[in-house]
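User: I've got a model open and want a quick walk through its packing. Can you take my questions one by one?

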Amino acid sequence: MCRAEVLSWLARGKSNHDIAEILGISPRTVHKHLERIFVKLGVDSRSSATSVALQALATD
C-alpha cells in the first residue's frame with residue numbers, strides 16, 4: 001500500500017521530502033519506494049512514472 005500512496009503523492013507533484021512528511025516515513029524510504037516503482041513501471045523518471053500512473057487511472 002505504501003508504494004501506491006507514494007505514487008499517488010508523486011502524481012500530485014509532491015517532493016520526496018513532502019511525501020515523507022505526509023506519510024510519516026523518511027525521505028530515504030520514499031526514495032527507495034520510488035526506485036522500486038520506476039523498475040516495476042519500466043520508467044526512469046518521476047514524470048514518466050506520473051504519466052504511466054495517470055494513464056492507468058484513466059483506463060479504469
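User: Is histidine 33 buried or exposed?
Analyst: Histidine 33 counts as buried, because its relative accessibility is 13%. Buried means under 20% relative accessible area, exposed over 50%, and partly exposed in between, with a 1.4 Å probe and protein chains only.

User: Before we go on, what are the ground rules here?
Analyst: This is a predicted model, where local features need pLDDT of at least 70 and side-chain atom pairs count only at pLDDT 80 or more, while totals for chains, interfaces and linings use all residues. Residues are numbered from 1 along each chain as its sequence is written, and side-chain values use heavy atoms, with hydrogens and water left out.

User: Fine. Where is histidine 33 found?
Analyst: In helix 3. Helices are DSSP runs (H or I, at least four residues), numbered from the N terminus.

User: And what does histidine 33 touch?
Analyst: Cys2, Arg3, Val6 and Ile25, leaving aside residues up to four places away in sequence. Contact means heavy atoms within 4.5 Å.

User: Arginine 3, then. Which residues does it touch?
Analyst: Arginine 3 touches His33, Arg36 and Ile37, again not counting residues up to four places away in sequence. Arginine 3 sits in helix 1. Its relative accessibility is 40%, so it counts as partly exposed.

User: How many residues apart in sequence are arginine 3 and phenylalanine 38?
Analyst: They are 35 residues apart in sequence, and 11 Å apart in space, C-alpha to C-alpha.

User: Switching to the core. Which residues make up the largest nonpolar core?
Analyst: There are 12 residues in all: Val6, Leu7, Leu10, Ile19, Ala20, Val30, Leu34, Ile37, Phe38, Val43, Ala49 and Ala53. A nonpolar core is a set of buried Ala, Val, Leu, Ile, Met, Phe, Trp, Tyr and Cys residues joined through side-chain atoms within 4.5 Å.

User: Which helices supply at least two residues of this core?
Analyst: Helix 1 (2–11), helix 2 (16–23), helix 3 (27–41) and helix 4 (46–59) each do. Helix 3 gives the most, with 4 residues.

User: What about valine 6, what does it touch?
Analyst: Valine 6 touches Ile19, Leu23, Val30, His33, Leu34 and Ile37, not counting residues up to four places away in sequence.

User: Now the helix pairs. At what angle do helix 1 and helix 3 pack?
Analyst: About 90°, with their axes 10 Å apart. Axes are lines fitted to C-alpha atoms, for helices over the stretch in contact, and angles run from 0 to 180 degrees between N-to-C directions. Helix 1 is therefore roughly perpendicular to helix 3. Angles under 35 degrees count as roughly parallel, over 145 as roughly antiparallel, 65 to 115 as roughly perpendicular and the rest as oblique.

User: Which residues make that contact?
Analyst: Helix 1 brings Cys2, Arg3, Val6, Leu7 and Leu10, and helix 3 brings Val30, His33, Leu34, Arg36, Ile37 and Leu41.

User: At what angle do helix 3 and helix 4 cross?
Analyst: Roughly 60°, and their axes come within 10 Å. That makes helix 3 oblique to helix 4.

User: Which residues meet there?
Analyst: Leu34, Phe38 and Leu41 in helix 3 meet Arg46, Ala49 and Val52 in helix 4.

User: Last pair. At what angle do helix 1 and helix 2 cross?
Analyst: At roughly 130°, with the axes coming within 10 Å. So helix 1 is oblique to helix 2. Cys2, Glu5, Val6, Trp9 and Leu10 of helix 1 make the contact with Ile19, Ile22 and Leu23 of helix 2.
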